[in-house]
Amino acid sequence: MAASAKAQGDSARRRLLRFLSQGEARLADSAARDRVLLDAGDRGTVSADRRQLAAMVREGILRTAGGRIALAAAQAGAAAASRDVGAVTIQTDDGPRTVVVNWSESPLSQLVRRKDRSGAPFLTAAEFQAGERLRADYTRGQIMPRLGANWVATVSSGRRDGGVAELTEAALAARIRVDKAIGAVGPELAGVLIDICCFLKGMETVEMERGWPVRSAKVVLKTALGALARHYDPATVSGRPRIMLHWGASDYRPSIG
């Protein structure tokens with residue numbers, strides 16, 4: 001048990017360093033007293049253990065000022081040399097949108113690089129883009145994990161963290177899109193999407209928290225992403241547009257009016 005706890009702590013530590021290697025983040029309270037949120041805007045929001053964060057500050061690895069947290073100068077220099085960042089264009093309701101992806105930090109970005117036994121990509125382009133689209137809307141909607149994966153109160157209602165009146169029009173629209181997406185995939189698959197795509201939890205962490213078998217999270221995630229992709233683009237997710245067919249004689253002509 002001690003070895004497992006240490007491994008989990010080391011993994012969380014590396015995750016924090018990777019997250020902050022892209023820039024500083026704003027510190028925000030979490031619903032859990034022993035956790036704190038690191039809000040980096042469009043780059044997403046992650047949750048961290050308060051004691052671990054304080055220890056990393058004491059060790060000179062992190063620095064805090066004005067309610068924000070960042071890597072210390074030495075750590076920032078090392079991170080810049082090993083940064084693995086790319087831009088991905090995703091389709092949204094408002095048209096194409098480019099988002100920044102940290103290939104080494106995002107679990108979804110790591111998974112899209114993997115191959116299955118036949119050598120084909122484990123995730124399709126539609127599945128990957130669906131996950132990134134959900135993350136972009138989740139971040140734009142300023143949704144904080146105050147209730148975790150409890151989706152009883154709808155996202156668009158604004159009851160999770162602040163009223164609707166406090167939201168911009170764009171943020172409220174993003175919340176409504178997230179709400180529709182979560183409703184489309186269903187409660188059985190929504191939790192793993194939020195954990196991995198939005199909270200950027202690793203596969204091993206999700207499996208440990210949910211008591212799942214090893215290497216099962218990626219299978220459930222692929223199923224969830226497939227359902228999400230069908231929600232976002234039901235006509236072309238299969239790779240070709242759907243067409244309406246009608247059985248009739250060779251001289252059949254549709255009636256108009």
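User: Two strands count as paired if DSSP finds at least two bridges between them. In what order do the five strands of the open sheet lie?

Analyst: The model is a predicted one. The edge strands, which pair on one side only, are β3 (45-49) and β4 (62-65). The pairing throughout this open sheet is antiparallel, and the order is β3-β2-β1-β5-β4.

User: How large is the average twist from one strand to the next?

Analyst: The sheet in question is the open one with the order β3-β2-β1-β5-β4. From one strand to the next, its twist averages 35°.

User: How many bridges join β1 to β2?

Analyst: β1 and β2 form a hairpin with five residues between them. Within this pair, arginine 26 stands opposite aspartate 39 in β2. The two strands run antiparallel, and the number of bridges joining them is four.

User: Which residue of β3 is the bridge partner of aspartate 39?

Analyst: Strand β2 (residues 35-39) pairs with β3 in the antiparallel sense over five bridges. For aspartate 39, the bridge partner in β3 is threonine 45.

User: What is the phi of glycine 41, in the turn between β2 and β3?

Analyst: β2 and β3 form a hairpin, with five residues between the strands. Glycine 41 is in that turn, and its phi is positive, at about 70°.

User: How many of the five residues of β3 are buried?

Analyst: β2 is mostly covered, with four of its five residues buried. β3 is also described as mostly covered, and its number of buried residues is four.

User: At about what angle to β3 does helix α2 run?

Analyst: Helix α2 (residues 50-58) lies across β1 (25-29), β2, β3, β4 and β5 (68-71). Its direction relative to β3 is about 85°.

User: Which residues have the most contacts inside the largest nonpolar core?

Analyst: The largest nonpolar core has 32 residues. Elements giving two or more residues to this core are α4 (107-112), α5 (125-140), α6 (169-185), α7 (187-198), α8 (203-210) and α9 (217-232). A second, separate core has 16 residues, including Ala25, Ala48, Leu62 and Ile69. In the largest core, the residues with the most contacts are Leu134, Leu193, Leu221, Leu225 and Leu228.

User: Which residues does leucine 134 contact, leaving aside its neighbours within four places in sequence?

Analyst: Leucine 134 is among the residues with the most contacts inside the largest nonpolar core. With its sequence neighbours within four places set aside, its contacts are Val178, Ala181, Leu193, Cys198, Leu228 and Tyr232.

User: Are α7 and α9 roughly parallel or roughly perpendicular to each other?

Analyst: In α7, Leu189, Val192, Leu193, Ile196 and Cys197 meet Val220, Leu221, Thr223, Ala224, Leu225, Ala227 and Leu228 in α9. The two axes come within 9 Å and cross at roughly 100°. Angles from 65 to 115 degrees fall in one class. The relation between α7 and α9 is therefore roughly perpendicular.

User: How many disulfides does a search of the whole structure find?

Analyst: A disulfide needs two cysteine sulfur atoms within 2.5 Å. The cysteine sulfur closest to that of cysteine 197 is in cysteine 198, and at 6.0 Å it is too far for a bond. Cysteine 198 is likewise in no disulfide. The number found in the whole structure is zero.

User: Is cysteine 197 buried or exposed?

Analyst: Buried means under 20% relative accessible area. Cysteine 198 has 4% and is below that limit. Because cysteine 197 has a relative accessibility of 2%, it counts as buried.

User: Is leucine 200 buried or exposed?

Analyst: Leucine 200 lies in the loop between α7 and α8. Its phi is near 60°, a positive value in a residue other than glycine. Because its relative accessibility is 3%, leucine 200 counts as buried.

User: Is arginine 215 buried or exposed?

Analyst: Arginine 215 is in the loop between α8 and α9. Its phi, near 65°, is positive in a residue other than glycine. The cut-off for exposed is over 50%. Because arginine 215 has 61% relative accessibility, it counts as exposed.

User: What percentage of the residues of the chain count as buried?

Analyst: The chain has nine helices and seven strands. Of its contacts with a separation of 6 or more, 53% are between residues 24 or more positions apart. Among the 257 residues of the chain, the buried share is 41%.

Technical notes
Residues are numbered from 1 along each chain as its sequence is written. This is a predicted model: local features need pLDDT of at least 70, side-chain atom pairs count only at pLDDT 80 or more; totals for chains, interfaces and linings use all residues. Side-chain values use heavy atoms; hydrogens and water are left out. Buried means under 20% relative accessible area, exposed over 50%, partly exposed in between (1.4 Å probe, protein chains only). A nonpolar core is a set of buried Ala, Val, Leu, Ile, Met, Phe, Trp, Tyr and Cys residues joined through side-chain atoms within 4.5 Å. Contact means heavy atoms within 4.5 Å. Axes are lines fitted to C-alpha atoms, for helices over the stretch in contact, and angles run from 0 to 180 degrees between N-to-C directions. Angles under 35 degrees count as roughly parallel, over 145 as roughly antiparallel, 65 to 115 as roughly perpendicular and the rest as oblique.
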